[in-house]
Structure formats: structure tokens, C-alpha cells
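Hi,

Here is the structure I promised to pass on. Have a look at it first, and then read my notes below.

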Amino acid sequence: MADGRDDVPYDWNKVINPDSTKKPAKPAPGKGPTPPKLPRFTLKLDLFGWLMAVTSLIIVVGILVLIYMSWLFQAEGQRVTAQDQGQIPITEDFASGQPKPADVLFRIGGSSSMGSTVMMDLVSAWMRVRGYSSVRAEQGDKVIEVKGSRGGKNARVLIALASSHGGFEALTQQRLEAVMSLRQVLPAEADRLSALGNFTNASSEKIIGLDASLVVVNRNNPLNRIDTETLSRILSGEITDWNQVSKEVEGKIVIKLENLGADFDASPAGRLLGDREPPETVTFLEGPVAVADAVSRDEKAIGITRRSTGGVKALALNERGARSVGADDFSISTETYPFTERLFVYVGSSGGDPNARDFADFATSPPGQELVARMGITPLRLGAVKVLTPPDAPSDYRTFGRFAERMNFDIRFYDGANQPDSRAEEDLKRFVAFINKNQIDKRRIAVLGFADNVGARATNIGLAQSRAETVALALQGLGVTPGVVRSYGDSLPVGSNSDERGRIRNRRVEIWLCAPPACPLINLGAEAETTTRGIPQGVRLGPPRPPAEGEPVPKG
């Protein structure tokens, strides 16, 4: 260029950013560089925005509330289901898999009807006998606490009110040390409890008494007896009017039953109903007194309840093919009355709680049985009773009964086995003590065997003889040799042979005491001689002897 500017290079940085040539300002003494300012966000909501925010908050809170309520309903549903099934709730005192609290002597649970009556008084008496003072019972909704003190220390026994099934379940879970039950342990339950011992024998299965369910009507009802088949049809609603039962009574039948909760299925009413449901007109009441009171005020009512007093009449019962039986003490103690119920206490025999075992032994001891009797329960106390033999009995049995007395217990056997059951095992020991205490000549003892009617009569005579011999051998092992061992086969059924429960009751052995000095010899007689040829191999007749190895197990 003419002026020479073309020789001067351009500083394009200055052209683009003229301030880049300025020197940065020095910061004031003691101050650093000023930090950059962050952008400030301001939420500005109009009316619609606020409504949306509040609505969203309400929805979130609602969802949380629904989740909480769902949890509550689920927990309550589980609690109600457990209660309906008779389960023992899991609480601090009944924690699963945890040891019992330090101040608890033992925990027993199961049938609520046993806990609120028999068990509360028995536990209180046991604590007093064991030296506890100021013993008192405090009854809650589902738990009874029996408290006392000894040596300056307080102690408790906890009684959980649920069902027999719930008791066995809780014992399996180590939440109890003992079970109170209105029924015998089921095979599956016994299997789950096998680590604690054999729950089907007398070491773990303790029978503390015998209760009975009565069929009651108003005192103005002329009916005096009823058969169980008719009663079943009444309970199911098939029979609705009294004139369908008897020409002497008329009017619509009103049914009153005791509320047994989850134990209802095991009760006589539950067994009669089977898979059927009772009609909606049935009234369930709390306790036997309430049932008796309701029936006493209604001439058309019928009820089934445990023994109680009041303005009611108890009906005699008969099962198909068996004689009519009333609920007297002898019929209950021999379990001839169809609705007799054993009251069980189960404790572990292998590593079981010592306090629970001591309590079970006390309940079956003479002092415990005295207390059971005062409660209106039939105790397991032995005695010889003069009884009337049935008119349809074999002639020599009727003759024998005129001068002999019958012991107030029958020996029964495990199902499918020739082994006396747990009650029979203890009754035989009690019987030997009774014989020795009263100095009764052993030659006066007669052991008479019976069977059900399944199979040939000759077979049943042999099976009944085998049972009688089994009992005679057990007595011999205890130092007592009976004077007579005799079979009556399938004669004199006390239960219906049309169902297994009745057949089990018919497989029994009676024990009689003859008049002094000794029983007369009772032979099989002409009737048996005609059947002897048909007795199958393995069935024995004649004097008692131990069974040979491999012999078939009597069941008929």
C-alpha cells in the first residue's frame, strides 16, 4: 500500500474482541476472585398449577394409606383365619422357636372349652401343691394366666385357648410345652412330634377324665330316647318337625348347639353332620349352661351340650344295631355311652418340659382325679359295680352277671393292633393296685373278650379270645393271673357295626369280679363247639399264651 499500512499485520483477536488487550483488574487486598453467580429458578404457579400439585399430593397420600390399610386388612384376615382354625396367636409369650419366658413354668394350649373349665382349676391346684402361694387366675380373651410366688419369685403358667389342632401345631413350633385336647392326636400330628417322643402311648398321652355330650330336650317333651341316625337328620335340617320323630310330639324343631369353634368338627354334632352344613336356623351359644337354659325355655328345642344341670331332660341314645344307653356314670366310665369324650393332655416324653410332665402326672393322680370329679367330669377311679345284663345276652353271660360285679372300665385297643391303648395301659395298672389294696383273690377275676361283627362268627370268637388273652397276659406281667379268660365273639355290641367308630368300641375286653371264693369255670359251650372247626390259622382258643412271632394282628 502507498501509505505503508499493508506492511502492518492485523491482530484479528483485537478486531474480534477489542477488550482482550485490557489487563485484568487486580482484586482488592484480602479478597479472592468473585465466584460466578448461579442462575436463580423461581417457580411461579397459577391457580391450575396449584390445583394439580395438591391433587398429586392427595393421590400419593391416598396410595400410601391404601397400602397401609391393605396391610392391616391382611394382618386382620390372617388373625381371623387363625382364630377360625383354632390357631394360637404368635405373641411375645408364645413366640415361634423361642424359649418360654423366664418366669413361665410351662405353657399349655388347645381346646378352649377344656382351658376355661378343667385346666384352669387343675393348674391352680398343681401350683398350690408344689408350694406356690397367692395363686390366682387371670382370664384374658384368649389366654389364662395362673400366677403364684415361691421363694420370693413370681411364676406363671400360661393356658392358651384355641383348638386341639391349634395346640398340636403350636407344640410342633415349640411355642407350647403341653397340649390339652378333646380328641386323640392324629397320625400326621404324632409324626411331626416324634422328636418329643411317641405321642400315641401312655408316656405322652395322658387321659385326665371323661366328659360326655348330652342330647337334651325340654322337660315337657315326652321323648325319652333317640337314635343317632334320626339325630343326624335333625342336625342337617332333613327332619324339621317333631311329628317326623314321634307321634307324641309336634311343632317345628329348634336346634341349640354349643359354640366349640374349631373343635366343632371333632364334637358329636360335627361327627354326625360329616361333610354337611347345619341349617341356618341353628343357634350357637357360648357354654353348656347357655344351651341348657335355652332348651329349658323352649318346648320345641333340642340341644347337644356337655354335661350341665337345668330344666332339661337328657335323652338315651342308641346306635344302629346297639342297645339304648343313657349318660349315667357307669356308661360314661366304660365309654359305652356313644357321646363319651376323653379329655387328653399331651406332653413330650423325650426331652419334654419337666414342669409340664409333673403337671400331667398330678392331673392323673388320686388328688388330681378328686378335683376332676368335683368339676362334674367322670374321673378314672376304679370300682366294681353290680349291673343288669341285657336280656339278649348269651344265657351263661346273664347267669354270670347275677352273682358277679363288673369293673367300671373296658379295655380297648389301638386300631389295627392287638395292643391295649393308652387308657387301658394305665387302667390295668390301676386295677392291679385296686386288687392289692382290697385284697381280692385273683381267682375271682374274669376277663371276657368281644369283637365287632365283620367277618365270620368263628373268626370273631377267635379274635375276641385273642384280645382277652392279651389282657390276661398283661395282668400276669403285673403279678395277677385271672381265674377265667373267655370269648363272646361279636355278641353284645355297644356301638354300631355300620361305622368304624362303633366297631372300635365293640372290640373290647370286660373285667368282672366273681363272688367269693372263685369264679366258676366258664367253658365255650355248645355254641362255640359248632364253630371251632372254622377258626382260621393263627387264631387261638384256650389258655393264655404269648403270641407267636408273625401271627396276624386281630382287627375284627
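Before the helices, a word on angles: axes are lines fitted to C-alpha atoms, for helices over the stretch in contact, and angles run from 0 to 180 degrees between N-to-C directions. Helices (H or I, at least four residues) and strands (E, at least two) are DSSP runs, numbered from the N terminus.

Keep in mind that this is a predicted model, where local features need pLDDT of at least 70, side-chain atom pairs count only at pLDDT 80 or more, and totals for chains, interfaces and linings use all residues. Residues are numbered from 1 along each chain as its sequence is written, and side-chain values use heavy atoms, with hydrogens and water left out.

Helix α3 (residues 112-129) packs against helix α11 (residues 366-374) at an angle of about 145°, and their axes are 10 Å apart. Where do they meet? D121, L122 and A125 of α3 come up against G368, L371 and V372 of α11; contact here means heavy atoms within 4.5 Å. The crossing of α3 and α11 is right-handed (a crossing is left-handed if the near helix is turned anticlockwise from the far one by less than a right angle, and right-handed if clockwise).

Next, strand β13 (residues 340-347). Eight of its eight residues are buried, so β13 is largely enclosed by the rest of the structure. Buried means under 20% relative accessible area, exposed over 50%, and partly exposed in between (1.4 Å probe, protein chains only). T340, R342, F344 and Y346 point one way from β13, while E341, L343, V345 and V347 point the other way.

Strand β5 (residues 178-181) runs antiparallel to β13 and is joined to it by four bridges, with M180 bridged to V345. Strand β6 (residues 205-218) is also antiparallel to β13, over seven bridges, and there G209 stands opposite L343.

Then there is an open sheet of five strands, in the order β14-β15-β18-β16-β17, with mixed pairing. β14 (384-385) and β17 (484-487) are at the edges with a single partner strand each, so one side of each has no neighbour in the sheet. Helix α12 (residues 395-403) packs on this sheet, touching β15 (405-412), β16, β17 and β18 (508-513), and its direction makes about 40° with that of β18. Helix α14 (residues 457-477) lies across β15, β16, β17 and β18 as well, running at about 155° to β17.

Which way does β16 (residues 445-449) pair with β17? Parallel, over four bridges; β16 and β18 are antiparallel, over five bridges.

Last, helix α13 (residues 422-437). Its 16 residues should span 22 Å at 1.5 Å a residue, and its end C-alpha atoms are 23 Å apart, which agrees; the expected span is 1.5 Å times one less than the number of residues. Its buried residues include L428, F431 and V432. After α13 comes Q439, with a positive phi near 50°.

Cheers

Key:
Pairing = 2+ DSSP bridges.
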